[in-house]
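Please consult the sequence and the structure shown here while reading.

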Amino acid sequence: MKAAALRSSWSLSADKAIDDRIILSSDVADLPAIEAPDILAVLAIARPEPWIETLTKAVCDGSFVVPRFILDGVTFPEIKRFLSQLLSSDSRSDTALAKEIRNALRDDLLHLTAHCGELTGAKRFHFRFFTDIPNTRCSFHVDVTPPGAPTTALIRVYCGARTQYVHPDNLTSWEDFHAWEYLRKRQVLAVWNARERHDAAEEMRAAARLSRLDARPDFLHHPDEVHTVPQNAIIACKFVDTQFVRDCVHVRARAARGWIHRSPMSGAPRCVVTINATNTNSH
Ligand SMILES: [Fe+2]
């Protein structure tokens, strides 16, 4: 089916706002619109729920902390077991939250996982869940999937500083973006290597180069035109098959189009889940 026909087959909610490739919606039922090949992200606002307010308070005051968990190639039952253990009454993370809040969080995470499975046909997932204080480690990027895996992913930021993104129309070119991202990764590595060698002067120089890249991303026509995901949004977005972005020289730009976003570098602590498929054929 052609992209336009596939797009028109979704009955999007009336108050949507549509960019060419990024959809803003007030209805989570619009999330499957991400299946159209030319759509990079669907930002659908979920209805407010009291348990998320309670979770937000606990994350903000530091009483609910989840280390960065990354489960790779796991099935739905394995994620369910993991979450039951993580959010059970005898785990460290339970002390700040009442049982019904933990159960609501677990059920929502599982609902998102199931939805990712419906959207991609996948049986195995890459599942990341954590709380974090915004920092400068991450800047604009596209996330990647294993070669041949579905590229649709789901992200939910339950609370805290909201994810930022840019419109594709603002890009000078996809090649420019991937070159900038590659250069940035090299500078992050340079800072890290200098620190390992206890070379303070080189670390400062590399950090300064990194700051310049972050301050003026030169792949954007208008570097100040950065958008913020709406509060309480569930994000369906496109990652990029890793085989198309090995490095800036070998990038296959047409295939390497995904949702360009970044975590905020400052603001309130966040609670985030990211789920993508690792393979449709593994069981
Ligand atoms: Fe990301």
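## Helix 2 and its surroundings

In helix 2 (residues 50-60), the buried residues are L55, A58 and V59. Viewed along the axis of helix 2, these buried residues lie within an arc of 100°, so they line one face of the helix. A residue is called buried if 20 or more other C-beta atoms lie within 10 Å of its own, exposed if 12 or fewer, and partly exposed in between, with C-beta atoms placed from the backbone. The arc is that of the directions from the helix axis to the C-beta atoms. Helices (H or I, at least four residues) and strands (E, at least two) are DSSP runs numbered from the N terminus.

The model is predicted: local features need pLDDT of at least 70, side-chain atom pairs count only at pLDDT 80 or more, and totals for chains, interfaces and linings use all residues. Residues are numbered from 1 along each chain as its sequence is written.

On the face of helix 2 turned away from the buried side are the exposed residues P50 and E53. The buried residues of helix 2 pack against helix 4 (99-120), strand 5, strand 7 and strand 13. Two residues are in contact if their C-beta atoms, placed from the backbone, lie within 7 Å. Just after helix 2, G62 adopts a positive phi of about 80°.

## The chain and its core

The chain has six helices and 13 strands. Of its 283 residues, 32% are buried. Among contacts in the chain with a separation of 6 or more, 75% are between residues 24 or more positions apart.

The largest nonpolar core has 61 residues, and those with the most contacts inside it are A41, V42, L55, L154, I235 and C237. This core draws at least three residues from each of domain 1 (3-171 + 222-279) and domain 2 (174-215). A nonpolar core is a set of buried Ala, Val, Leu, Ile, Met, Phe, Trp, Tyr and Cys residues joined through C-beta atoms within 7 Å. The domain bounds come from an automatic or database domain assignment.

I235 is in contact with A41, L43, L154, I155, R156 and V229, leaving aside its neighbours within four places in sequence.

Strand 10 (233-238) is mostly covered, with six of its six residues buried. A233, I235 and C237 point one way from this strand, whereas I234, A236 and K238 point the other way.

Eight of the ten residues of strand 13 (residues 270-279) are buried, so this strand is largely enclosed by the rest of the structure.

| Strand | Partner | Bridges | Sense |
|---|---|---|---|
| Strand 3 (residues 41-45) | Strand 10 | Five bridges | Antiparallel |
| Strand 7 | Strand 10 | Five bridges | Antiparallel |
| Strand 5 (residues 124-132) | Strand 13 | Nine bridges | Antiparallel |
| Strand 7 (residues 152-159) | Strand 13 | Six bridges | Antiparallel |

In strand 13, T274 is the bridge partner of I155, while R270 stands opposite D132.

Three strands form an open sheet in the order 9-8-12, with antiparallel pairing. Strand 9 (227-228) and strand 12 (261-262) stand at the edges with a single partner strand each, so one side of each is left without a neighbour in the sheet. Two bridges link strand 8 (residues 164-165) to strand 9, and T228 in strand 9 is the bridge partner of Q164.

V191 lies in helix 5 (residues 174-196) and is partly exposed, with 19 other C-beta atoms within 10 Å. Beyond residues up to four places away in sequence, V191 touches E203, A206, A207 and L210. V191 and R205 are 14 residues apart in sequence, and their C-alpha atoms are 8.3 Å apart in space.

H198 is found in the loop between helix 5 and helix 6 (200-215). Although H198 is not a glycine, its phi is positive, at about 60°. H198 is exposed, with 8 other C-beta atoms within 10 Å.

N232 is placed in the loop between strand 9 and strand 10. Its phi is near 65°, a positive value in a residue other than glycine. N232 is partly exposed, with 17 other C-beta atoms within 10 Å.

Technical notes:
Pairing = 2+ DSSP bridges.
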